[in-house]
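Hi,

Here is the structure I said I would pass on. Have a look at it first, and then read on for what turned up.

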Amino acid sequence: MKNTDFTKQLLDWNKTVFNSSVNLYEKFQDYGEKTADSLVALSPWGAEERKKALNHWSSNRKKGLKVFKESTAFGFKQAEGFCAAAKPAK
């Protein structure tokens, strides 16, 4: 097996693990947000302020996660480009 093939397989595996981990994290965060929304809706004091804070936190988290995923995808693409451009040693 060539080193470039092995590296490509390793990159594909790492990309799959990364995407699965981020998706799992996102699902846990969404569940936590739904639970927090329910708790805030049930609390009689300061519910509107808490709801605004929760929505602000949620939108910032989603924006940050989007940027993180995009930058990581860009990094994986660059690494794959390096593997494609590498010439096998003779």
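Let's start with Glu-33 and Arg-61, which form a salt bridge with their closest N and O atoms 2.8 Å apart. Keep in mind that this is a predicted model. The pair connects distant parts of the chain, since Glu-33 sits in helix H1 and Arg-61 in helix H2, 28 residues apart. Are these two partners buried or exposed? Glu-33 counts as buried at 9% relative accessibility, and Arg-61 is buried too, with a relative accessible area of 10%.

**The other salt bridges**

How many salt bridges does a search of the whole structure find? The answer is six. As a general point, side chains of opposite charge can pair when their charged atoms come close.

Another of these bridges joins Lys-69 and Glu-26, with 3.5 Å between the closest N and O atoms. This pair also links distant parts of the chain: Lys-69 is in helix H2 and Glu-26 in helix H1, 43 residues apart. Both ends are partly exposed here, with relative accessible areas of 31% for Lys-69 and 26% for Glu-26.

Then there is a bridge within one helix. The side chains of Lys-8 and Asp-12 meet at 3.0 Å, N to O. These two are four residues apart in helix H1, so about one helical turn separates them. Lys-8 is partly exposed at 32% relative accessibility, and Asp-12 is partly exposed with a relative accessible area of 32%.

**Helix H1 and what covers it**

Helix H1 runs over residues 3–42, which makes 40 residues. From its first C-alpha to its last it reaches 58 Å, close to the 58 Å expected at 1.5 Å a residue. Its buried residues are Leu-11, Phe-18, Val-22, Gln-29, Glu-33 and Val-40. Helix H2 (47–85) is among what covers them.

**The nonpolar core**

Which residues make up the largest nonpolar core? There are six: Leu-11, Phe-18, Val-22, Leu-65, Phe-76 and Cys-83. H1 and H2 are the elements that give two or more residues to this core. If you zoom in on Cys-83, you will find that it touches Thr-4, Thr-7, Lys-8 and Leu-11, leaving aside residues up to four places away in sequence.

**One last spot in H2**

Thr-72 lies in helix H2 and is buried, with a relative accessible area of 18%. Its side chain reaches the backbone oxygen of Phe-68 at 2.8 Å.

Cheers

Notes
Residues are numbered from 1 along each chain as its sequence is written. This is a predicted model: local features need pLDDT of at least 70, side-chain atom pairs count only at pLDDT 80 or more; totals for chains, interfaces and linings use all residues. Side-chain values use heavy atoms; hydrogens and water are left out. The expected span of a helix is 1.5 Å times one less than its number of residues. Buried means under 20% relative accessible area, exposed over 50%, partly exposed in between (1.4 Å probe, protein chains only). Contact means heavy atoms within 4.5 Å. A nonpolar core is a set of buried Ala, Val, Leu, Ile, Met, Phe, Trp, Tyr and Cys residues joined through side-chain atoms within 4.5 Å. A polar contact is a pair of N or O atoms within 3.5 Å; within protein, one must be able to donate a hydrogen and the other to accept it, and residues adjacent in sequence count only if both atoms are side-chain atoms. A salt bridge is a side-chain nitrogen of Lys or Arg within 4 Å of a carboxyl oxygen of Asp or Glu.
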